[in-house]
Amino acid sequence: MKRQVSISALLIGLFYFIFFSACKTEVQTGSEEYPIRPVGFTEVELKDDFWTQRIRTNHQVTIPVALQHSESTGRIRNFEIAGGLAEGDFQSDAPFDDSDIYKIIEGASYSLNFFPDPELEAYIDSLVWIIGHAQEDDGYLYTYRTIHGDDSHPWIGSKRWERTHVMSCELYNVGHLYEGAVAHYLHTGKRELLDIAIKNADLILEDIGPGKFETYPGHQGIEIGLVKLFQVTGNRDYLDLAKYLLDARGHDHIGEPPFWHGEPRTYDQAHKPVTEQTEAVGHAVRALYMYAGMADVATQTGDRAYIDAIDRLWEDVTCTKLYITGGVGSRGAIEGFGPAYDLPNMSAYCETCAGIANVFWNHRLFLLHGDAKYIDVMERSLYNNVLSGVSLTGDRFFYPNPLESHGQHQRSEWFGCACCPSNISRFIPSVPGYIYAQNERDVYINLYAGSATAFDIAGNSVAISQESGMPWKGDVQIDVSPDEPVTFSLYLRIPGWARGEVVPGDLYSFVNYSSNPVNVSVNGEQLPLELDRGYLVIERQWETGDVVTMDIPVDINFIESNPAVVTNQGKLAIQRGPLVYAAEWPDTEDNTVLDMIISENSELNPVFRADDFPGGVFMLDGEAMGSRRTTDGDIETFSKQFSAIPYYAWAHRGRGEMMVWMPTSIETARPRPAPTIASTSNIIASHPTGSLGAVNNQIFPRSEGDVDASYYHWWPRTDQTEYIIYEFSEPEEVSGAGVFWFDDGPEGGCRVPAGWRILYREGDEWLPVNNASEYKVIKGEVNRVTFDKVYTGALKLEVRLPENFSSGVYEWEVY
């Protein structure tokens, strides 16, 4: 229930919080670690231009922007209302909005390590104080229920925890609280938020578990937080709770049954016990948070069944469901996984949060197994999918990250569901923690970035620093400086892309792979390139002054997909170093790219440019063939100059076409439309969106379920009349029209319309055409209508939406 607090009490409490916050006793730790220990980002001095710039932008722009939007959308106000510091109803959109504040606090706590910022630190302190007031007396913390009570939202149920296995997100929220609290404690020395987290976790221990209320989180994530809480407190009950919440999935007597209305509960991975799961299914972020949590629990408990399960799941994802950008999740309707090899481009979801979770999971698998293949996947996701999620200016974001656009996509300032921006704010400052790792006398360098750190090897401090031009240049120099000569093994990762392997497995492969060999030398003496699980291992006695030099060629290569990926047949992608490239509209003379055709023999030249991209990028200049339809039904080609940009840098210069997978023939290209009445018309609609241009681009779905054909829709509008207008370039005599309706089937919200008609403009009036033939609404074909000739400057397509669904249009033709 709400508690009222006077303003004077607020000010006094805030004073005592700030003054005494650093004076608490330290928390005792006690836990097992991964076989390989990562070097935390606070132990790494980053000197790299590429990542330093992004971490600085995250501190100066992204975190302040996230806090600003959290204020303007009422997320912070929710805690004030729940704590009796203000009055009102729940202010933002969803009960899970609490989690955004916890993630931003986590990110700010990390960022303060790099940039001492008294103003930001004081602001975070004030948030912690407000959160403390929002927490109920017994430790419960969930602002929606505290403000409005039980049964106040369809997701939350009639009592605490009742719907947590579905959508309440009570456990998901506090999982991020635990992560934020541990980060805040470890990186500021203040434990107020940690005490809040412990109080909440202790309540869950009392309420949930065997012989108590049995449930599991409908959105995973708390498992990771509980393990972190265990690591910082030494309280094994938190670890046991994390394992219980994983093991509770897939059982008839807990939560919902594994089958619901005859269908498996795959959306939240509750269809089977976690150790029996073999295929990545359902919501991608939920799944990958769960897999990362399983790795954490397995490390602490030694549960081999967990490790075997996540190894199987990794094979499934990496070999059949991984995008070339390192993204995961092909189905927007469930924000998650489709079947094997289902990897459409324009409708690719590849949520930014899922990319971050993929980094988490693969890094943990490396720490378990010591194999560079996990870092190969992690690096691909990091440099491509994750970086695409935030603009170079740090203030615009992508939620999904498609691999093709017809101009309907653009970055957003914020989202109603803002999990991705807040996740970015906490992830970016942690990147230095992925560079180095250690297992006793084995030192790993996984990523190449200008940086320095130190290792303790048998009581001997060994300083290691590296200079690197990655991702643009592959020259690396590593200086090794032990206090005393010491023998240890230096594991240098040789990236898969530098040895002819795109990713493990056969999902992708290089075409006519051409690259200079990797060269490594110690003190000028070249070493043979003999690899152990993707690493060149240099075991020797190291002395101060030893220098390792590496030349890792960042050559340009073309990539093809496994033929089972139908949407990529007859197409190639481009990669240089760890970066996947894309063609985007500003980099051609005619501002189009979907009509392009390239060859595996196309010559591309890297050129560094900084005009449109802060910090600059290497663009790849080359020549392709353009294609266009003619009025007699043929397709003609022509020479076309273009430049490709790193995929992460797209959508910084306005709306327009973009593609990663580039056609190699006319059959797979999207030729520019022939000049027709429809294609030359100006388009107006009742619901204008960036996808409106799809209706007259002469692109039809190649087959049922072709999700890479562009379309326009009126979703989420239903049961009302909508329209599209063609304003002709000049008055025309017309007597027919054809419409190919968009219907996304049982997973989507669009169906063929309840009805439609054509009207023509006469003066200021819209009149129905006369003697129209039947207005058909058949899915999967052009629905044509004929009518008496009219001479007009505009036609209107008027559509009646179904009662419970919306509708959409692939193409509207006029004859």
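Q: What share of the 815 residues in the protein chain is buried?
A: In this predicted model, buried residues make up 61% of the 815 residues in the protein chain, where a residue counts as buried when its relative accessible area is under 20%.

Q: Why does Tyr341 count as partly exposed?
A: The relative accessibility of Tyr341 is 25%; buried requires under 20% and exposed over 50%, with partly exposed in between, and therefore Tyr341 counts as partly exposed. Tyr341 sits in the loop between helix H12 (304-320) and H13, and, although it is not a glycine, it has a positive phi of about 70°.

Q: What makes helix H15 (residues 419-427) largely enclosed by the rest of the structure?
A: Nine of the nine residues of helix H15 are buried, so the helix is largely enclosed by the rest of the structure. Among these buried residues are Cys419, Cys420, Arg426 and Phe427. The buried residues of H15 pack against several helices, including helix H2 (49-72), helix H7 (170-188) and helix H14 (372-388), with contact taken as heavy atoms within 4.5 Å.

Q: How do you know that the radius of gyration of the protein chain agrees with that of a compact globule?
A: For 815 residues a compact globule would have a radius of gyration near 28 Å, and because the protein chain has 28 Å, the two agree. Taken along the principal axes, the C-alpha atoms of the protein chain fill a box of roughly 90 × 70 × 50 Å.

Q: What share of the contacts in the protein chain with a separation of 6 or more comes from residues 24 or more positions apart?
A: Residues 24 or more positions apart account for 72% of the contacts with a separation of 6 or more, in a chain whose secondary structure comes to 15 helices and 32 strands.

Q: Which residues does a cis peptide bond join, and what is omega there?
A: A cis peptide bond joins Met470 and Pro471, with omega about 5°, and Pro471 is placed in the loop between strand E9 (460-468) and strand E10 (475-482). A cis peptide bond also joins Trp715 and Pro716, with omega about 10°, and Pro716 is found in the loop between strand E27 (712-713) and strand E28 (721-742).

Notes
Residues are numbered from 1 along each chain as its sequence is written. This is a predicted model: local features need pLDDT of at least 70, side-chain atom pairs count only at pLDDT 80 or more; totals for chains, interfaces and linings use all residues. Side-chain values use heavy atoms; hydrogens and water are left out. Helices (H or I, at least four residues) and strands (E, at least two) are DSSP runs, numbered from the N terminus. The radius of gyration is taken over C-alpha atoms; the globule rule is 2.2 Å times the number of residues to the power 0.38. Buried means under 20% relative accessible area, exposed over 50%, partly exposed in between (1.4 Å probe, protein chains only).
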